[in-house]
Amino acid sequence: MSYVIIGNSFAAIGAVEGIRKHDIRTPIIIISDEPYHTYSRPLISYYLGGKVPEEKIYYRDKDFYEKNKVEPILGIRAERVDFDKKEVLLRDGRRIPYNKLLIATGGKPITPLLEGIEKKNVFSFIKLDDVKEIEKAAVKGSRAVVVGASFSGLKAVEALVQRGVKVTVIDIMDRIMPRVFDERASQIAKKTLEKYGVEVLLKTTVEKILGAEKAEGVSLKDGREIACDFVILAVGVRCNTDLVKDTNMKINRGIVVDDRMRTSIPDVYAAGDVAEGYNFIEDKYMEIAIIPNAYKQGETAGENMAGAEKSFNKGFIMNSMPLFDLSVISAGLSSETGDDIRVKTVFKEKEDVYKKFYVRENKLVGYLLINDIDRAGIYTGLIMSGEDISLIEENIGEDGFGFISFPKEARKVKMLKGWSV
Amino acid sequence: MKKGINPARKRIYAKEEVCIGCRLCEIHCIAAHTKYKNDLVKAFKKVAKRPLPGIIVEERKPISFGLQCRHCAEPECVKACITGAMQKDPETGIVINDKARCIGCWTCILACPYGVIMRDISERKIASKCDFCIENGTEPACVKNCPNQALYTGDAFDEISDNAKITGIEGRA
């Protein structure tokens, strides 16, 4: 009898901790193609920027596996799952039997159709091994092109600047962080990037990576050529469903799961970036590729694998991104989708403070904060609780917003007993 | 377990009716996290780099109250933390940020529905919050030193109540 988890990141660790809430004995096997003790993938940008050394990139303490009776099988790829025999087949030929299986294989980088993509010095920006390669090329005074001005692309840009690399960042959209930022927010971020010497090119795409064997530049759709020493592709991730792609498991873009993270195959669960969980703000099942969600989905899967009945149906997108001296936090909806959304904005031009709130049917369903992020979680709490905010809507976004802005009874119950969700 | 109260099931609560907004809780919290734990004067005169207070005082006259980490049973900040620095101690129940591993990404600030995690940007960016004075092993400094007993420790409520919602409640603050 054992639990098997394929994956070793946030969802997998959440699952171990979820299982161990109910079952402290049954062994857990973690299988990962990466050879490392569980580590934090977003820390790769801090590693590259010289802020966090490799020995501090771990996500849980070195004794985590031992303490939690986990047998890690690291550096070996799971090739296939035999759902009838309930076995995971490893690349080295081993067959690992399971009673309950969690697939937490995460996301994989989208590789754009691009001439010259096979050249040397063209990198992804997802895993520790990616940055171990990038750091060889990213020497002081070198030049880089980063394709994609979203979260991970921008964190790559920041890390490269910290290494003394001259960076050009390119995005096909007319804005930085197109899924989260509007024009004004994009302008604020662009100003920050340019202050740090980053060249920002929007509304254009890379057509071709130039160079003989290794990348020496890129040519853009508009005909321009930009010389560089290496290219980082950060155009997004998609669900890494390779392991189960030719099975009868139900898959859309990601593995279809219910609120208890069960897949369409008995005793098989999925969680994290590989799964399509319920996004309660969008009211649909979709990939919610963020860490808090991966952890909670993993934890929920683990609890159910251990026999508990636990649902998680409160997923939604949320992100915090410090970028140079800019602070950005966003959660829930981030654009005016539909006529039923009311938008409230606060803009302080001198301080580059920008706040934007989305209200639907008197509920807060999303927000964006730039450079005034303190106590942001109270807004997140309002999104999660889904309560009617009409009585405090005028206070939303005000300076000093806090529980003092709430009606007395609601404030007292929240602070003394907790939020109701 | 350290000497003093067992904080595993305790939280710090505020009585806004008797809080006078004097902010001594902040002062004592700061001092308690310097090497001069029981000496305000030395803590403020001799310590050049003082920590942030772990308590937030909200004030809009005539109302004021202090608020600090709830040390939640299911802490959002811990589940959201991208480095693993924010952890709930299984023995004490206290949520502690390992400053050596925190990188100041502020995901905990995004996640905490009580808004009680602060940005410490005095040197390296790190998240700063109430640690229940766990190192001192005594009643938290803010509670001990509140002149009006507007802060007290009590049992933690893990159940959540529908009464917490904004609507369905008569009147405004």
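Predicted model: local features only at pLDDT ≥ 70, side-chain atom pairs only at ≥ 80, totals over all residues.
Residues are numbered from 1 along each chain as its sequence is written, with chains lettered from A and ligands numbered from 1 in the order in which they are written.

Chain A carries nine helices and 26 strands (DSSP runs numbered from the N terminus, H or I of at least four residues for helices, E of at least two for strands). Its radius of gyration, 23 Å, is close to the 22 Å that the globule rule gives for 421 residues, so chain A is as compact as a globular protein of that length; the radius is taken over C-alpha atoms, and the rule is 2.2 Å times the number of residues to the power 0.38. Along the principal axes, the C-alpha atoms of chain A fill a box of roughly 70 × 60 × 40 Å. Buried residues account for 48% of the 421, buried being 20 or more other C-beta atoms within 10 Å of a residue's own, with C-beta atoms placed from the backbone. Of the contacts in chain A between residues at least 6 apart in sequence, 63% link residues at least 24 apart (a contact puts two C-beta atoms, placed from the backbone, within 7 Å).

On the strand side, S4 (residues 78-82) and S5 (residues 87-90) of chain A pair antiparallel over four bridges, where pairing takes at least two DSSP bridges. A:Asp82 has A:Glu87 as its bridge partner. The two strands make a hairpin with four residues between them, and A:Lys86 in the turn has a positive phi of about 55°.

As for helices, the axes of H1 (residues 10-20) and H7 (residues 291-305) of chain A come within 6 Å and cross at roughly 35°; axes are lines fitted to C-alpha atoms over the stretch in contact, with angles from 0 to 180 degrees between N-to-C directions. The contact includes A:Phe10 and A:Ile13 from H1(A), and A:Ile291 and A:Tyr295 from H7(A).

Between the chains, 39 residues of chain B touch 52 residues of chain A. On the chain B side, S1 (10-14), S2 (55-60), S3 (63-68), H3 (76-80) and H4 (107-111) each supply at least two residues. H4(B) gives the largest share, four residues.

How values were computed
Buried ≥ 20, exposed ≤ 12 C-beta atoms within 10 Å, placed from the backbone.
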